[in-house]
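User: Could you walk me through how to read a few local features of a model, starting with backbone angles?

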Amino acid sequence: MDYDLTGPEPVAGLLLLRGEEARELRSAAHETKLRHVGGKVYLRGLIEYSNQCRKNCYYCGIRRGNAKVNRYQLGREEVLQAAAFAHKAGFGSIVLQGGERQDEAFVREIEELISAIMESSRGELGITLSLGEQNPGTYARWKKAGALRYLLRIETSSEELYARLHPRDHSFQARLDCLRALRDEGYQVGSGIMIGLPFQMPVQIARDLLFLKDLDVDMVGMGPYVEHAQTPLWDFRHEIPSRQERYELSLNAWAVLRLLMPDINIASTTAIGSLSPQGREEALRVAANVIMPNLTPYAARKEYFLYEHKICIEESQEDSRENIEKIIRAAGCEPGYFAQGNSLHFAARK
Ligand code: SAM
Ligand code: SF4
């Protein structure tokens, strides 16, 4: 079946499909996925590097203003151990994610970590970074050290909504400039959005998906918004769609994104798993071809608490590996061990 993806209104209509019609939409996305990127799912070992952040986003549990967070930053040995685990387990890549810092000590530490991981894995591990907004010089240094990909969500494509979700000194335009700088620097560029935010209508989510297509990103990491009691948006928790509704909306958004951008890498993210035990499996079945087993050292996991009901907090690295393999197989896919699984879209635009 051909779907009308030409503008926000028809796309919003697709996001609102339920029951049999939603199943048809998701199955069309599944077919598109198999045709363009195949049935393999690539693994990226997720290392939640630090919960220290200079930003104060209104939705995020580790925002600067949350005084109840025990702040940590992993030591070099902890990161190298997690990377070594990923390498040995055949995960082709790791993701180094964390709160945003821009000081030279931080920038240098990340640069040295990237070099050390490149050396210890003989360049075999693909490195994705998700460390927020940085200046172009920093992006260049990290790229030179060996990073391949960078994930920076736009969160929402509405400048007005962005302003309601962030303090005044967080700028939508600055975020866009960062995405452009990452592209100029030669990264595989990833972005994404949150689904089911307060003040967000379905037509806005439709605009967001079309915006990601216009941005021509190589990969997307998106997921439902999940509330957190120690954030300003908690006060608006009664104004967001139910958990079930956010789940349905999210799966339809994954399907539409795959139809819009058939050859990009799409992640099955932790947040969808926090809304439903089948969430990550369903996302893989519908559209995703990347998943991120959590390899953060055990003691740090509970401190990287972005939202309520976050999953994978009690798992060991080995549990993560086993669970993810089960999820991939239950979705009818095959784990892409010992392969980086780079974005085909990136290869094509290069
Ligand atoms: N600090 C970096 C940044 O913001 O790009 C990377 C880490 S940040 C925790 C990664 C992503 O977590 C954000 O882009 C945001 O979309 C997501 N996130 C934060 N709070 C969330 C919430 N309450 N529900 C769902 N996702 C959330
Ligand atoms: Fe910091 Fe990222 Fe959380 Fe914003 S979303 S407060 S930048 S960790």
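User: Where is glutamate 155 placed?

Analyst: Glutamate 155 sits in the loop between β4 (149–151) and α6; helices here are DSSP runs of H or I with at least four residues, strands are runs of E with at least two, and both are numbered from the N terminus. This is a predicted model, in which local features need pLDDT of at least 70 and side-chain atom pairs count only at pLDDT 80 or more, while totals for chains, interfaces and linings use all residues. Residues are numbered from 1 along each chain as its sequence is written, chains are lettered from A and ligands numbered from 1 in the order in which they are written, and side-chain values use heavy atoms, with hydrogens and water left out.

User: What is the phi of glutamate 155?

Analyst: Start with the general idea: most residues other than glycine have a negative phi. Glutamate 155 is not a glycine, yet its phi is positive, about 75°. Cysteine 312 has a positive phi too, near 70°, and lies in the loop between α12 (298–301) and α13 (317–330).

User: Are these two residues buried or exposed?

Analyst: Buried means under 20% relative accessible area, exposed over 50%, and partly exposed in between, with a 1.4 Å probe and protein chains only. At 8%, glutamate 155 is buried, and cysteine 312 is buried at 11%.

User: Now the aromatic rings: how many aromatic pairs are there?

Analyst: A ring pair is described by the distance of the centres and the angle of the planes. Rings of Phe, Tyr and Trp (its six-membered ring) pair if their centres lie within 6.5 Å; planes under 30 degrees apart are stacked, over 60 edge-to-face, and the rest tilted. That rule gives nine aromatic pairs. In one of them, tyrosine 162 and phenylalanine 172 have ring centres 5.6 Å apart and planes at 70°, so this pair is edge-to-face. Tyrosine 162 belongs to helix α6 (residues 159–165) and phenylalanine 172 to helix α7 (residues 172–185), so the contact ties together parts 10 residues apart in sequence.

User: Which ring forms a tilted pair with phenylalanine 172?

Analyst: Phenylalanine 211 does, at 6.5 Å centre to centre and 45° between the planes. Phenylalanine 211 is in helix α8 (residues 202–215), so its pairing with phenylalanine 172 of α7 links parts 39 residues apart in sequence.

User: And which charged end sits over the ring of phenylalanine 199?

Analyst: A charge sits over a ring if NZ of Lys or CZ of Arg is within 6 Å of the ring centre and within 35 degrees of the ring normal. Here it is arginine 164, 3.8 Å from the centre of the phenylalanine 199 ring.
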